[in-house]
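Have a look at the structure first.

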Amino acid sequence: MICIFYRFLPSKNNRAMWKLEEEINSMILKVVKQRTEASYEKDLLQMVLEGAKSCNDYYGPSTNSSHDKFIVDNCKNIYFAGHETTAITATWSLMLLAAHPEWQARARAEVLEICGDSPPDANMLRNMKTLTMVIQETLRLYPPAAFVIRAALEDITFKDIMISKGMNIQIPVSILQRQCDLWGPDAHKFNPERFAHGIVGACKTPQAYMPFGVGPHVCAGQHFAMTELKVILTLILSKFCFSLSPGYEHSPAFRLVIVPEHGVTLRVRTA
Ligand code: HEM
């Protein structure tokens, strides 16, 4: 297992991170203020605002600041943890399907066979084996969260490595998921077939596949995200054929999540 260890000390960079966090927090509260002054809408933000009214269980007796903290924490979780990650995965999936027309054709054939002319329902999505393999392989090659991070709460010894209390441990997901000794010589290639027998069949050490993290803090939205991705791809595949635009420049870049630096431009026509 490859890990990066570092001690979390107040540094110039950390101070910049805290400042950024404060800016994000006040940006969220500004949007919330606009919403509460302007209107009532039946959406996710409104549900968070309603929830904040009864937030005293977790954050202690309700005060203005615990109320704001509840709203900010939940918005960060849902909008940042949930939105960007799923949107980027949909983008990478489309890029890979555009670059691999044989897989695009296989996935479309499956969608048309299972859904016909109907919009996908839960049962149909469950039966989409090829599409699941395509998404799993996309998340292996381009995991939006490049690292899973943990802090040691006490001194521990892991194998013969001493990890002292306060040390942060970064597990580089994107590197683990491309190791040839774990995934085979084609580890860098897009080959959804490797997931034909699930994650256990795809990797010598299945724990090395962790696009949604691992353990008690594994992604709370992983099943929701997989469903969203299947719905998006099903709807697009059923209506359109697409290929990469000649202007597409492949440049995965680390920007909190792993993004296509110059976007993904596709040539699209009706199927
Ligand atoms: C493809 C989409 C997504 C990916 C790749 C992803 C990935 C991750 C990863 C790597 C973690 C850290 C897990 C760990 O530390 O072990 C995480 C945590 C989390 N994710 Fe996601 N996520 C996705 C979508 C979502 C969605 C749609 C939601 C909610 C609507 C969500 C909510 C959360 C929450 C609440 C946590 C924190 C869990 C905790 O600390 O207990 N995620 N996610």
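## Ligand shell and helix packing

The shell around the ligand has 13 nonpolar, nine polar and no charged residues (Ala, Val, Leu, Ile, Met, Phe, Trp, Tyr, Cys and Pro count as nonpolar, Asp, Glu, Lys and Arg as charged, and the others, Gly among them, as polar). Bear in mind that this is a predicted model: local features need pLDDT of at least 70, side-chain atom pairs count only at pLDDT 80 or more, and totals for chains, interfaces and linings use all residues. Numbering starts from 1 along each chain as its sequence is written.

In total, 22 residues surround the ligand, and the closest are Gly82, Thr85, Gly213, Cys219 and Gly221 (a residue is near if its C-beta atom, placed from the backbone, lies within 6 Å of the molecule). H4 (64–99) and H11 (222–239) each supply at least two shell residues, with H4 giving the most, seven. Helices here are DSSP runs (H or I, at least four residues), numbered from the N terminus.

Now for the packing, with axes fitted to C-alpha atoms over the stretch in contact and angles from 0 to 180 degrees between N-to-C directions.

| Pair | Angle | Axis distance |
|---|---|---|
| H5 and H7 | about 140° | 8 Å apart |
| H4 and H7 | roughly 105° | within 9 Å |

From H4, Thr89, Trp92, Ser93, Leu96 and Leu97 meet Val134, Ile135, Thr138 and Leu139 of H7 (contact: C-beta atoms, placed from the backbone, within 7 Å). That contact divides into six nonpolar, three polar and no charged residues.

Key. Two residues are in contact if their C-beta atoms, placed from the backbone, lie within 7 Å.
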